[in-house]
Amino acid sequence: MAEQEASGLQVLLQTLQSSLDRESILAILQLLGDLLSVGTDRRIRYMISKGGSEALLRTLVDTARTASPDYVILLPLFRLLAKVGLRDKKFGQKALELEALDVTLILARKNLCHSQNLLHCLWALRVFASSVTTGAMLGINGAMELLLKVITPYTQKHTQVIRTAAEVLAALLKSKSNSRRAVNRSYVPRLLRLHQDWHSHDTAHSFVPIRRALLLCLKHIAKLRSGREAFLAAQGMEILFSIIQNCLDDQSLEPVISIVLQILRQCYPKSPLPLLTTSSTYSFPVPGIVTSEAPRVLTEEDYEDDSEEEEDKDSDSEDVKEEDDDLETDVNKLSSKPGLDRPEEELMQYKAMCLELSCSFEELESKPGDDLNSDETEYANHHHIPTAASPKGLFLNKDQISGGQEKEVLVQNSLLSRVKMGRSSIHLTSKRGPGMNSYRNVHSNDPGIDSSGSDVSDIQASFLEDAGDMDAISCPRISASFSNSTKTRETAEFIDQLLQTHLKPMVFHDPYLYMAKARRTRSVADFTMMAFPDFWGHCPPLSAQPMLQRKCGVQRIKILEDVRRLIQPSDIINKVVFSLDEPWPLQDTASDCLQFFSAFESGNLRKAIQVREFEYDLLVNADVNSTQHQQWFYFKVSGMRAAVPYRFNIINCEKPNSQFNYGMQLTLYSVKEALLGRPTWVRTGYDICYYKNHYRQRTAGAGAASGKCYYTLTFAVIFPHAEDACYLAYHYPYTYSALMTHLDILGKSVNRKQVYFRQEVLCQTLGGNSCPLVTITAMPESDRADHLEQFRQRPYQVITARVHPGESNASWVMKGTLEFLVSSDPVARLLRENFIFKIIPMLNPDGVINGNHRCSLRGEDLNRQWLSPSAHLQPTIYHAKGLLHYLGSIGRRPTVFCDFHGHSQKKNVFLYGCSIKETLWQAEATVGTSNLSEDVSYRTLPKILDKLAPAFTMSSCSFLVEKSRASTARVVVWREMGVSRSYTMESSYCGCNQGPYQGLQFGTGELEEMGAMFCLGLLVLELKSGSCSHQLLTRAAALLNAEEESLDFYLQRSFSVLLASSYFRTSVCCVHLQRYYLHIFCELFEVKPVHQNIKSCQKEKTVEDLKHGYFPK
Ligand SMILES: [Zn+2]
């Protein structure tokens, strides 16, 4: 049948071209029309493949060239042409070659007064114009003048003709040469006027397609710089802005509104950022030649192309496109193992960092303080508030320092209570709407205080007044004992008083120790202040916060508010109220504006400009010695009024998209709230959007702005109190001083008889800070030879984090990992007894300290330096790699290597790993790889975590090796050290869209829980591995048998050591969640729950069963 049809079609087409007989041509056209009207697109494409387009075009040319063209033939022919041309990609080219353009134009001209014939010609022109080359040719031949004649002046007669003509014109204007011609012939004001006529007459919105087509013409012209200039000169901004004002909410006008917005954004005059230079305010004399980041000088051509704006995307998909051409497809590169990157003898220096392998443990016990900075440890863990006047009073007695049981209880409680909170949040948190005041949401059950703080007791109230005194609350870094200044001493006394009155004991935090650590932290700008939240500490909120529901159309409203600055400049204040660059006559407190501050660790606000009474443009600092990477922000704001929505715009962001468009909020910490007993970072802000703005990077030398785009993050905040000091940040801050404080407290909290915890210095950073290295394992059972042997033979696990300073979420995950590993949780104990953990919790301390987002002090991304790091230029990477090389050289390659990161574009937590086969498959480069063997064990850990950790999802994991990632920790440790389980763990800045935390944003509790869960995952990985030691399985079994809690049977029989973990024991109240966990453990070990007597079940359980995850019935 298909064959017959095909040959029949060919005969028809041949006859059509050769026939001179009018009746038979008409009959064939009729037949073709019938044929195509019933078939699918496939039929049309088939006809095209058999020369259908050419046959129709030839017939057109032949018919049109006669002295008096026969419209009885031409009209059905045009209809067929329009239909076929739509599906034929080369139609314009064919029409050009067969000279069909000219004859069609001539016919159109002849029929200006004959609308039916004209309409048919326009249909044909519309398909011709879909090719840019053909469109340009039509333009040369005067098509645009013809079309403009058809559409002007405004008339409501023959609207179908006008609509089609306008659409053809819009199609022609896609060609730059046509657009140029249009500008030169003053089409822009004419089109604007015409659009206005249609707009003002079309009150019933019956002609939206005509209005849209006219706007599309303007949009295409505005791609040229000259087009934008003509548009501005013709008052285009004002005209379209006023048009759109009154119809934003009209759904039927949506096709018009979206184009108007695109034109307004496109034509908004581009300008450089309001900064003297985009180079960071902070520069640091670094060794070596810094790789130049000078912006590429752009040509005029680049500039014209640059203005292709994205669609106005309120409902855009957030999926990130994966690029396949970045995949490494060279099998040799994938599977070859490069040689050592340094002389082998250099590795011996790392022996000193693996004392656990050589030292006798008595020696370690007698020397608890072999960590750094021991001179200030006396500040730690005091249980009373000392007076600053007598620093001796801070000294603790020996018992207090030695820690012991009491401290261990503290550790356990903190971990467990935190996990429990994270859990219960699943059940307690209902999905709430966007919060105008996050504090009220988070603490909605708290009695006592409204946003004005009027219910606070007298003492607190007096302090609340003082809290307005920002100098005091900013906490000078210099301690009173080092200064004779009265003011400093007064400040210190004030702080003491504050701490005494308000501070609740906080686990793993100590303000005095923090102060001591912060004093030693070296910053480029030599910060003298500490941010209050870092000093005072943070308690996670009681429940996780839901993601922000985005209001429909909010981005449009924000963009129009931005455009209004241009249209109504008289409303604009434009006053610089804060700047790091100039010695500013800063902050005249008499004025009503907000006050800003950021000269503290991790702070990076560079400039604040008051735009309107309650609106501020903010610029964040570029990374030190760099001109870019603005994304992270952290600053203080004060002097606010109560119940007023303030709008903030961070106008120099760089990433093209952000989770801020998909439910993420920023974080806020209120000093007054902290003094009221709620020292908590909370998610805050509403009307949040992230979009491309009109700022462009200044091109070197050219003066004019061009090139790289910037993005605006806009948000509104209603502060919880008037005259408060609040801190706003991209994500929960976690400073280097916080890490050093935490490590000290951890070190002192452990039970030294059981936990081997050693903190030492991996190396000094360029900025002169110590990069800590932590070793955690269990003390040997005794000094018997076999116990020492077991101690030294434990496999290594290596974990690193925070190579990217803006990824503070990675530090919170790491905090969870560290606290869990030293805790008295049975799982942690098992982990310690079976592994040695080498942890570098912050690979880029300098970046963190100086408020960088991405880089080191040399302005380079340290996670692109692993291939050949230098000891002088990238010391932390050089020595981290050296330590890994050393472990490899003594046959102690780690089982797992994982580098913790934060991900700004995706939700959940997931792993990136490395697989040759998956990379080649994905790239479809599988030739000659059939004999390639690869261990698939790299998938086991992510699969386990998928079941185990509520925030984790396997579906976002990827095991592809990208060329652009060849110098990252993950790829280098995999390829050079041969660690098949080498990972990057990415945690969203936002939250989860799956699992029990679905719809919730991450709090620090969830991130810390992830860190603990990662450790659990390592244990399950070991239990499931074929090489799992009999000793570990025995211990696991013993732990299980020791567990006799009288929960219901289902829970009891669940399986394994994991149930015995205190994660379960402490959340008895939450049986629902236990069932969830039970379910996943059963799945993990492929165990089917069986209803039977508990006792018999336990009796029958054997070590072998445990290993196979099998339970006898
Ligand atoms: Zn990262």
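Me: What stands opposite C898 in β16?

Reply: I799 does. The model is predicted: local features need pLDDT of at least 70, side-chain atom pairs count only at pLDDT 80 or more, and totals for chains, interfaces and linings use all residues. Residues are numbered from 1 along each chain as its sequence is written, and side-chain values use heavy atoms, with hydrogens and water left out.

Me: What makes β14 and β16 a pair?

Reply: Two strands pair if DSSP finds at least two bridges between them. β14 and β16 are joined by 5 bridges, so they pair, and they run parallel. Strands here are DSSP runs of E, at least two residues, and helices are runs of H or I, at least four residues; both are numbered from the N terminus.

Me: How do you know that β16 also pairs with β18?

Reply: By the bridge count again: 7 bridges join them, and the strands run parallel. One example is F897, whose bridge partner in β18 is S982.

Me: What about β13 and β15, parallel or antiparallel?

Reply: Antiparallel, with 3 bridges between residues 770–778 and residues 836–840. V774 has I839 as its bridge partner in β15.

Me: What is the strand order of the open sheet?

Reply: The order is β12-β13-β15-β14-β16-β18-β17, 7 strands with mixed pairing. β12 (755–764) and β17 (909–912) each have a single partner strand, so they stand at the edges. One side of each is left without a neighbour in the sheet. From one strand to the next, the twist averages 20°.

Me: Which strands does helix α36 touch?

Reply: Contact means heavy atoms within 4.5 Å. Helix α36 (residues 875–889) touches β12, β13, β14, β15 and β16. Its direction makes about 130° with that of β12. Axes are lines fitted to C-alpha atoms, for helices over the stretch in contact, and angles run from 0 to 180 degrees between N-to-C directions. Helix α39 (residues 969–977) lies across β16, β17 and β18, at about 165° to β18.

Me: Why is β16 called largely enclosed?

Reply: Buried means under 20% relative accessible area, exposed over 50%, partly exposed in between, with a 1.4 Å probe and protein chains only. In β16, 8 of the 8 residues are buried, so the rest of the structure largely encloses the strand. Both faces are covered: V896, C898, F900 and G902 lie on one side, and F897, D899, H901 and H903 on the other.

Me: Why is V755 called buried?

Reply: Its relative accessible area is 5%, under the 20% limit, so V755 is buried. V755 sits in strand β12. Leaving out residues up to four places away in sequence, V755 touches V750, T777, M779, V822 and R832.

Me: Which atoms count as donors of the zinc ion?

Reply: Donors are N, O and S atoms within 2.8 Å of the metal (3.2 Å for Na, K and Ca); water is not among the atoms, so sites may look incomplete. H804 (ND1), E807 (OE), E807 (OE) and H901 (ND1) coordinate the zinc ion at 2.1 to 2.3 Å, so they qualify. Along the chain, the spacing is H-x2-E-x93-H. H804 is buried at 3%, and E807 is buried at 7%.

Me: Why is the arrangement around the zinc ion called irregular?

Reply: Four donors count as tetrahedral if all angles lie between 85 and 135 degrees; four count as square planar and six as octahedral if opposite donors are over 155 degrees apart and all others between 65 and 115; anything else is irregular. The 4 donor atoms around the zinc ion subtend angles of 58 to 147°, which makes the arrangement irregular.
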